[in-house]
Amino acid sequence: MTFRGAVITFPGSNCDRDMAVALEKVSGAPALRVWHGETELPERLDFIAVPGGFSYGDYLRCGAIASRSPIMRAVVGAAERGVPVLGVCNGFQVLTESGLLPGALMRNAQLNFICRTVPLRVENNQSLFTAGYDRGQEIALPVAHHDGNYFADEDTLDRLEGEGRVAFRYLDTCNGSRRDIAGILNAAGNVLGLMPHPERAIEPDHGGSDGRMLFESAVKGLVAA
């Protein structure tokens with residue numbers, strides 16, 4: 001089975017190529033590139049990635065305009081059919097703005113742009129994206145964001161915790177995220193939003209390769225299926 005992954009590009013995306021390279025290195029198949037103005041996705045997709053960057057210059061709210069792009073209707077429909085969707089950094093913001101994930105990403109608590117490698121703990125290793133990690137495993141991934149402060153009301157946070165939908169948690173004070181949440185899953189487990197950048201940590205030359213397992217987990221799981 002040939003893996004078919006797609007990467008969405010918006011005006012202002014700056015990690016779409018990194019994401020495409022990561023998918024190709026792990027899967028061996030070039031990622032399909034999809035412009036935000038398209039109304040349909042390529043056929044028979046196994047995986048959709050919404051990358052980081054500054055879509056529409058973060059105008060209004062980060063990810064707000066991108067979430068209304070024509071292609072996002074198709075992405076939401078694909079996610080609802082069970083197609084795995086990964087949103088990283090600005091992609092996470094787009095997924096919350098589009099309603100695929102609960103909560104919102106707000107300005108960092110210190111109101112500063114954060115660009116460094118941060119320690120994380122894998123909280124859930126039962127998803128397609130995290131199956132290759134051990135639960136409780138500590139990893140390190142780079143972050144680069146100004147609006148990564150995850151916020152949700154207490155009932156939503158309790159539900160995320162109770163349903164095992166917190167995928168990754170910061171191990172140090174990073175951006176003020178409630179309960180140090182770095183990444184969450186949707187109820188079905190096929191949509192992951194993550195502020196740190198796994199695509200920037202897939203080989204030692206990047207300074208670390210802890211992000212590679214996320215892509216390997218997804219590709220192996222989908223090809224095996």
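## Cysteines

Cys15 is buried, with a relative accessible area of 0%, where buried means under 20% relative accessible area, exposed over 50% and partly exposed in between, with a 1.4 Å probe and protein chains only. Its sulfur lies 6.7 Å from the closest cysteine sulfur, that of Cys89, which is too far for a bond, given that a disulfide is a pair of cysteine sulfur atoms within 2.5 Å. Cys174 is likewise in no disulfide, the nearest cysteine sulfur, in Cys89, being 10 Å away, and at 4% relative accessibility Cys174 counts as buried. The structure holds zero disulfides.

This is a predicted model, in which local features need pLDDT of at least 70 and side-chain atom pairs count only at pLDDT 80 or more, whereas totals for chains, interfaces and linings use all residues. Residues are numbered from 1 along each chain as its sequence is written, and side-chain values use heavy atoms, with hydrogens and water left out.

## Nonpolar core

The largest nonpolar core has 70 residues, of which Leu41 and Phe168 touch the most other members; such a core is a set of buried Ala, Val, Leu, Ile, Met, Phe, Trp, Tyr and Cys residues joined through side-chain atoms within 4.5 Å. Helix α2 (residues 70-80) gives the largest share of this core, seven residues, with helices (H or I, at least four residues) and strands (E, at least two) taken as DSSP runs numbered from the N terminus.

## Aromatic pairs

There are four aromatic pairs in the structure, a pair being rings of Phe, Tyr and Trp (its six-membered ring) with centres within 6.5 Å, and planes under 30 degrees apart count as stacked, over 60 as edge-to-face and the rest as tilted. Phe92 and Tyr150 form a stacked pair, 6.0 Å centre to centre with 15° between the planes, and this pair links helix α3 to strand β8 (residues 149-151) across 58 residues. Both Phe92 and Tyr150 are buried.

Tyr133 and Phe168 have ring centres 6.1 Å apart and planes at 90°, so this pair is edge-to-face. Tyr133 lies in the loop between β6 (114-122) and β7 (138-145), while Phe168 belongs to strand β9 (residues 166-170), 35 residues apart; Tyr133 and Phe168 are both buried.

## Largest pocket

Residues lining the largest pocket include Asp58, Arg61, Gln93 and Asp147, where a pocket, on a 1 Å grid over the protein atoms alone, is an open set of points where a 1.4 Å probe fits, with protein on both sides within 12 Å along at least five of seven lines, and lining residues have an atom within 4 Å of a point. α3 (90-97) and β5 (104-106) each supply at least two residues of this lining.
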